[in-house]
Amino acid sequence: MRGFWERYKFHSLFIKIFIVMVFSIVAVAIAASWTTVRMSERLFMETFSITNSKVINQIKANFESFHYSIVTATNNTGLSGTIKSFLTEEDSNSLRVLRTYYNMTTQMKKIQSNVDAYQVGIKIMGKNGRSFSTNTNNLLMTDNELRNHKLTLNTLAEPKRLMYQFYQESSTVSSKQEAEIVASKALMERTTGDIYGTLYITIQEKNFHTFYASFVSTGNDVAILNKEGQIVSSNRAELLGQQADDLLGYAQKIESKGLDYVNVDFKGKDMIVLADYLSSYDFYIVNLIDKKTALGQMVDSKMVALICSAIVLVALVVVFLISRRLTRSLTLLTRQMSKITERNFHNYITVTGSFEFQELGHAYNYMLDELNDYVDKLVHTQKEQRNAELAALQHQINPHFLYNTLASVNFLVQQGSKEKAVQTIHALISMLQNALSNVSETITVMQELENLKSYVFINHVRYGERIRVNFFISPDCTEFYVPKLIIQPFIENAFFHAFNRKTEGYIHVLISQDAGSLICEVVDNGDGMDNGHTELPGAESKRQLFTGIGMKNVHDRIILLYGEEYGVTVVSNINEGTAIKIRLPLILVSSQN
Amino acid sequence: MKKSFVLLLICMIMLTACGSNSNTKNNAEAGTTGAEKAKEITIWAWDPAFNIAALEVAKAKYAAANPDVKINIVEYAQSDIIQKLNTGLNSGTTKGLPNVVLIEDYRAQGFLQSYKDSFYDLSSSIKGADFADYKSGPTSLDGKQYGVPFDSGVTGLYVRTDYLEQAGYKLADLQDIDWKEYIEIGKKIKEKTGKALITLDPNDLGLIRTMIQSAGSWYLSEDGQTPDIASNVALKEAFEIYKEMMEADVANVHADWSQFVAALNSGDVASVPTGNWISPSITAEASQSGKWGIAPYPTLPGNDKSVHASNLGGSSWYVMNVDGKETAADFMATTFGSDSEMYQTLLTDIGVIGTFKAAASGEAYSQASEFFGGQKIVSDFAAWTEQIPSVNYGVHTYAIEDILIVEMQNYLNGKDIDKVLGDAQAQAESQIK
């Protein structure tokens, strides 16, 4: 859990960016597709209603031309004396009747030719009881039934009008329930106004709807309503004959307000309704467009949604990859930076990622460079300073030491120990040569040993040989380099401080190699120190000392030169002696500095 | 910078994708129905009480064996069928034409000769010899059988026996009469009952046709091409009889089929000399059961060749050479072409007297009809069928009849008979050639 949180912390920027992106992309996608669908819907609706009003005009024209044929046929019938006499004359002898019938049928054939283009039946019925029908399939009822039928009564009520009525066959003669449109007109004697018969021109609904059948399609229906709101014709057979007051209401609204179309809810479906009034028929022509079906053909919302989701998905993947790539450098940077701990300025950053992060990385690395540079310089300066200090101390060869040594030489010369005096002078020369040369130079263990031997020799000359000094040098260590005057101060210290109470003893100098380090030990069996005071004493009494370099200085110098793991350690017990251990790196090359 | 550019790009891609997507349209479904056996056939016929009813029986029979085939029976008036066929065949397109159509025998040759390729040769499905011999003329061409002969048009004289009796006659008196005697009887009936003897349509010379065919004559000479009017003795006699009937004032007039049937059913007329297919329409009026009888057809007086049998109408089924013809042919061959059992049903249930020879041996054909006073009408008709003189209807029957209808009016108005027939001959020759 904590690990997760840690990880999250480093990715929080990415997660935030990604979430924002996800939301924006999804929102944009939804908004865009919704707008597109909406816009195309609206556009479609507009064009659809424009096209459909043209279609309605076309349908209207079809109806009008049909109406015109009917009118022509009606007028011709009304004008025909032959038909009038057929319908008015009483039965006489066979010959005469036959002639009347014959003339009438000839006349009717001519009239029929007016409406030949349409599948209509013409029926005439006279007040004398005679009738004639050109199509026995229509108006399947007896003449008596027809005479008292609503069709006839309505016609006779308005004898001057050619009216269109809806009639559904319900005759017992036929099982057919054929719907028909019946155009009817009373045949009237023009001078007197007497009605001598009725003319019926019938067209089956299935033929009537061919006037508009070619304009309809799924979801685009046409219904013809009469004034009472009954559907007299429709391409949807199930609507036929039904009462549709709501549609009539819409049609009247459109007609009276001059609207292009209305959006309505018809039989639970969202529809666009266009309508027009057929004045010659007294019918309303209503065009119903089912939005869902019509639009379904046009706009496949499911497909839109699918494609949008696919695009969103692709976009998200792309955004994921890109934002991850963008933030990864940052995350890496953060991680690398956070690794920098105290006094560790060497964590350089791998420079990757986009330009900004590269710049940042460069800048950071540059900063580290500067910092390290600065620190190096600082260390260097300190070293210089210390070296300078040492040099100063080193060059401060104690005049007492020189005085005492020279006094001892003098004494030796006086004694006649000329040989020994020469040796002492040589030792002094060797020591001075070593001490006065560059303090920062390293010398081999061998050389250092020579120096130490010279020093010990001088001391033996001066103070007698009650303190013996033994050197145990591992042969494999003679070639290693050590800083100058590293061991001398400890031997000096042992000479002058370890044998205050004891009068004699020994000092062992051991140089060996151990675990990659050069170990130099100065062990004495002198007075020893209290274990609590094992820190290295500084150079206090300068009288007997060779130079100003104290043991403390040696330790600091080693640390400065070689690091913390090297240095001087002291183990001491009262009356047992003191063991000093100097740990140095194994250096095979001489250094000038 | 880079990021915002990528974002912009993505947005653009998305918008264009959404935009272009709304333009996708559904592809219209491609047309179906291959060349395999059609599952749906359409049949045109007229007369719901007769032809359509027979079709329904056949359809039910066929559907039992072939439930996957849908048969649409469409009823049109005969004139509509003729018109639609002419329009369709003339325009050279088979679109809108049915698979099977009923055509009257008089017109059959006209269609077959003009549009031979539009009809499907049924020689492999049915045998012309299985049907009444006089049917082979109209239904075949160049030795190929195109039509499935359907009903017989054998005529009889349907009479109201009750009116006869009132006028002092019996059905037995009518067994061997000529048209003059028929008119005399009519006068008596009119006198006694006030009912007309016959009902006529001035635009239909069916009566004339039956008269001349009974004498082995036709509007055309035997070649089926040359009009035979002016010198046609039988035709002249028939015209004279027709006029005599009018002058005797024994004729009722009707103008269409419903009025014709209404005249019979209302009892306005005492007799109907016509084809046997009228039986269902007469028996439809159940209240007149037992009041009808059928006498042999009257002969032309003074014409030796005239027999007591003739033909009127009758039609046959034709398979059109359109998609689904195999199915249609199969339907026809298995029902009307071979199923004699079905013909028994047709006869008992509908009154259809078929021309399928094998069916005549069925028991339904020898049954007595209660409606017609126990008369074995079917076997009577069968006997008369054998006597029908075979004539060549040719291809111009109705063209000539149209001329004759007009000339008949002229004749009735007083024009001389020879002049009438001579003019008709001249007109026919100029029209046909």
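Mentor: Start with Lys61(B), which is partly exposed at 32% relative accessibility. Keep in mind that this is a predicted model.

What does the side chain of Lys61(B) meet in a salt bridge? Its partner is Asp339(B), at 3.7 Å from N to O. That falls inside the cut-off, since a salt bridge needs the nitrogen within 4 Å of a carboxyl oxygen. Now place the two ends. Lys61(B) sits in helix H2 of chain B, residues 48-65. Asp339(B) sits in the loop between helix H12 (325-334) and helix H13 (340-350) of chain B. The pair therefore ties together parts that lie 278 residues apart in sequence. Is Asp339(B) buried or exposed? Asp339(B) counts as buried, because its relative accessibility is 18% and buried means under 20%. In general, side chains of opposite charge can pair when their charged atoms come close.

Stay with helix H2(B) and look at what it connects. The chain runs from strand S1 (residues 40-45) to strand S2 (residues 70-75) of chain B, and these two strands pair in the parallel sense over six bridges. Within that pairing, Ile43(B) has Ile73(B) of S2(B) as its bridge partner. The path from S1(B) to S2(B) goes through H2(B), and this β-α-β crossover is right-handed. Thus the helix that carries Lys61(B) is also the helix of the crossover.

Next, two other salt bridges in chain B. Glu244(B) and Lys180(B) meet at 3.2 Å, N to O. Glu244(B) lies in helix H9 (residues 233-247) and Lys180(B) in helix H7 (residues 179-193) of chain B, so this pair ties together parts 64 residues apart in sequence. Both ends are partly exposed: Glu244(B) has a relative accessible area of 25%, and Lys180(B) is at 40% relative accessibility.

Asp204(B) and Arg209(B) also meet in a salt bridge, at 3.8 Å from N to O. Here Asp204(B) is partly exposed, with 37% relative accessible area. Arg209(B) is buried, at 3%. Over all chains, the structure holds 27 salt bridges.

Now step back to the whole of chain B. Chain B has 433 residues, and 56% of them count as buried. The chain contains 16 helices and twelve strands. Among its contacts with a separation of 6 or more, 77% join residues 24 or more positions apart. Its accessible surface is about 17,800 Å², and carbon and sulfur atoms account for 50% of that.

An unreviewed UniProt entry lists residues 12-34 and 303-322 of chain A under "transmembrane region". In the model, residues 12-34 of chain A are 100% helix, and their end C-alpha atoms are 33 Å apart. Residues 303-322 of chain A are also 100% helix, with the end C-alpha atoms 28 Å apart.

Technical notes
Residues numbered from 1 in each chain as written. Chains lettered and ligands numbered in written order. Predicted model: local features only at pLDDT ≥ 70, side-chain atom pairs only at ≥ 80, totals over all residues. Heavy atoms only, no water. UniProt positions renumbered as here; feature names shortened; annotations may be inferred. Helix = DSSP H or I, 4+ residues; strand = E, 2+ residues; numbered from the N terminus. Buried < 20%, exposed > 50% of the residue type's maximum accessible area, 1.4 Å probe, protein only. Pairing = 2+ DSSP bridges. Right-handed = clockwise from strand over helix to strand, strands pointing away. Contact = heavy atoms within 4.5 Å. Areas by Shrake-Rupley, 256 points an atom, 1.4 Å probe, with all protein chains shown as cover.
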